[in-house]
Amino acid sequence: RRSSTRIDQGLRSRGREGPMGCGSSVPAKGPGPAPRPAKGTDGSGTLEGKATNGIGGDGTIVATVAEVRQETSAVKLLRLRVPTKSVEGGEFAFRPGQWVDFYAPGVDKPGGYSIASSPRQLARDGTFDVACKQSRTQGTSHWIHDGAKPGDEVRVRVGGEFFMSTEDGDAPLLMVAGGIGISPLCAMLETLLERERSSRPAGGARGEDGSDANGRRKRHLRAVLLYSEKTEHALSGRVRDMALRSDGAFECVFHRTAAGRSTVAAKAQFEAMTTAELHAHLQSVGMDLGLDMMTKPELVDLAVASLTVVPNASSTPASPAKPPKKLHDAHQAEEAEQWDDSDTCGQGAITRDGRIDKKALGRAIDRLRAAAVSEGRSGTDVVAFLCGPPKMSDAMEKTLLKLGLPKQSVRLERWW
């Protein structure tokens with residue numbers, strides 16, 4: 001078990017930016033590309049020398065930006081193209097779940113970004129994807145969000161011990177993602193579904209064998225993704241598409257945390273309030289931020305947060321929050337019932353409010369185990385992959401261990 005401290009110290013010595021990718025505390029099984037030493041770097045992470053035939057003396061590969069796409073308000077997706085010779089010659093290869101050191105032009109320190117696409121995509125057209133969350137302090141993130149355009153050249157190097165091996169892909173898989181931690185799990189899921197499609201027999205019976213209205217035969221459930229985010233789920237379109245294409249082999253539950261949703265509503269309410277209404281509300285919740293609060297960002301944040309506070313019963317806020325629509329509540333309840341129904345397979349992707357908790361994890365494990373038994377693989381237990389903020393990943397790991405998963409079956413991607 002490699003500690004996050006050791007990994008963090010190693011990356012600092014290379015002058016790397018965080019917190020985007022990382023090493024795992026529990027290495028995945030099977031051989032895989034190891035992080036290459038940072039030859040030709042000085043202590044700050046600045047590259048020395050030029051690449052020859054697309055390959056740098058430090059093990060980096062020149063890649064070209066093929067596409068830049070805005071995924072959410074805070075996340076951009078980059079599609080990078082690698083020279084054919086580097087792919088065919090094996091100089092650039094990765095396993096699903098690994099990350100790349102990302103050297104942007106004019107930026108001293110590299111960023112670390114998990115690869116969000118499958119190795120088969122790289123073999124097919126020489127491209128791979130990375131998702132980058134906007135950051136005010138990281139130079140690489142700033143370049144990606146404000147300067148990257150098709151045709152730009154960057155340098156990348158594969159690293160990381162967090163990946164899905166062939167053996168892992170044979171097990172029922174529980175994926176837990178928080179925020180931008182969805183990236184490596186997308187690569188794993190796409191790889192799993194590619195394997196499922198390649199093993200699918202041609203033709204097949206229709207109707208009585210469990211096929212749907214379009215004649216597609218339902219697959220046994222192989223993977224469940226629990227994906228938590230405040231409001232906007234990055235790569236959600238890709239995830240939903242995989243769920244639809246899986247024919248029941250993959251299900252996803254998007255978890256929207258209540259704090260995130262209330263914050264968005266509070267910001268909208270704050271912007272719509274007059275100064276008089278705002279001060280009346282602050283008085284009703286017992287806050288006095290002063291008349292010059294609008295000139296201080298930290299006080300503005302406190303004012304926005306106060307809009308999620310329920311005022312005293314004797315006070316009436318100037319702009320009361322509207323209660324949620326009953327139709328929305330009914331829809332959420334219906335989705336929850338579908339997920340609770342163990343006989344319902346292949347619902348695809350559903351959305352629930354609230355954080356991922358012990359009940360959600362236990363429900364997912366039960367569904368995966370039941371599917372394995374029905375498929376005749378009762379001796380194969382669940383393998384879990386976790387990637388997200390450290391506190392979330394640590395909490396999920398402890399809960400999964402309490403639910404009975406062996407320690408070696410819980411894999412973590414730790415951020416630094």
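Ala 384 belongs to strand S11, and four bridges tie S11 to S12, with the two running parallel. To get from S11 to S12 the chain goes through helix H13, and this β-α-β crossover is right-handed. Keep in mind that what you're looking at is a predicted model. From here, let's work outwards to the rest of the sheet.

**The sheet as a whole**
- Six strands make up an open sheet with parallel pairing, and their order is S10-S9-S8-S7-S11-S12.
- Which strands stand at the edges? They're S10 (349–353) and S12 (410–413); each has a single partner strand, so one side of each is left without a neighbour in the sheet.
- On average, neighbouring strands here are turned by 15° against each other, ignoring direction.

**Strand S7 and its two partners**
- S7 (residues 173–178) pairs with S8 (residues 223–229) in the parallel sense, over six bridges.
- If you look at Gly 178, you'll find Ser 228 of S8 opposite.
- S7 is also joined to S11, by five bridges, and again the two run parallel.
- Met 175 has Phe 385 as its bridge partner in S11.

**Helices lying on the sheet**
- Helix H6 (residues 182–198) lies across S7, S8, S9 (250–256) and S11 (383–387), and runs at about 155° to S7.
- Helix H13 (residues 390–402) packs on the sheet too, where it touches S7, S8, S11 and S12.
- The direction of H13 makes about 175° with that of S12.

**Strand S11: buried or exposed?**
- Five of the five residues of S11 are buried, so this strand is largely enclosed by the rest of the structure.
- In a regular strand, side chains alternate between the two faces of the sheet.
- For S11, both faces are covered: one side has Val 383, Phe 385 and Cys 387, the other has Ala 384 and Leu 386, and all are buried.

**Aromatic rings**
- There are seven aromatic pairs in the structure.
- One of them is Tyr 227 with Phe 254: the ring centres are 5.8 Å apart and the planes sit at 45°, so this pair counts as tilted.
- That pair links distant parts of the chain, since Tyr 227 is in S8 and Phe 254 is in S9, 27 residues apart.
- Tyr 227 is buried, with a relative accessible area of 0%, and Phe 254 is buried as well, at 1%.
- Elsewhere, ring pairs link Phe 92, Phe 94 and Phe 128 into a cluster.

Technical notes: Residues numbered from 1 in each chain as written. Predicted model: local features only at pLDDT ≥ 70, side-chain atom pairs only at ≥ 80, totals over all residues. Heavy atoms only, no water. Pairing = 2+ DSSP bridges. Axes fitted to C-alpha atoms, helices over the stretch in contact; angles between N-to-C directions. Contact = heavy atoms within 4.5 Å. Buried < 20%, exposed > 50% of the residue type's maximum accessible area, 1.4 Å probe, protein only. Right-handed = clockwise from strand over helix to strand, strands pointing away. Phe/Tyr/Trp six-rings, centres within 6.5 Å; stacked < 30°, edge-to-face > 60°.
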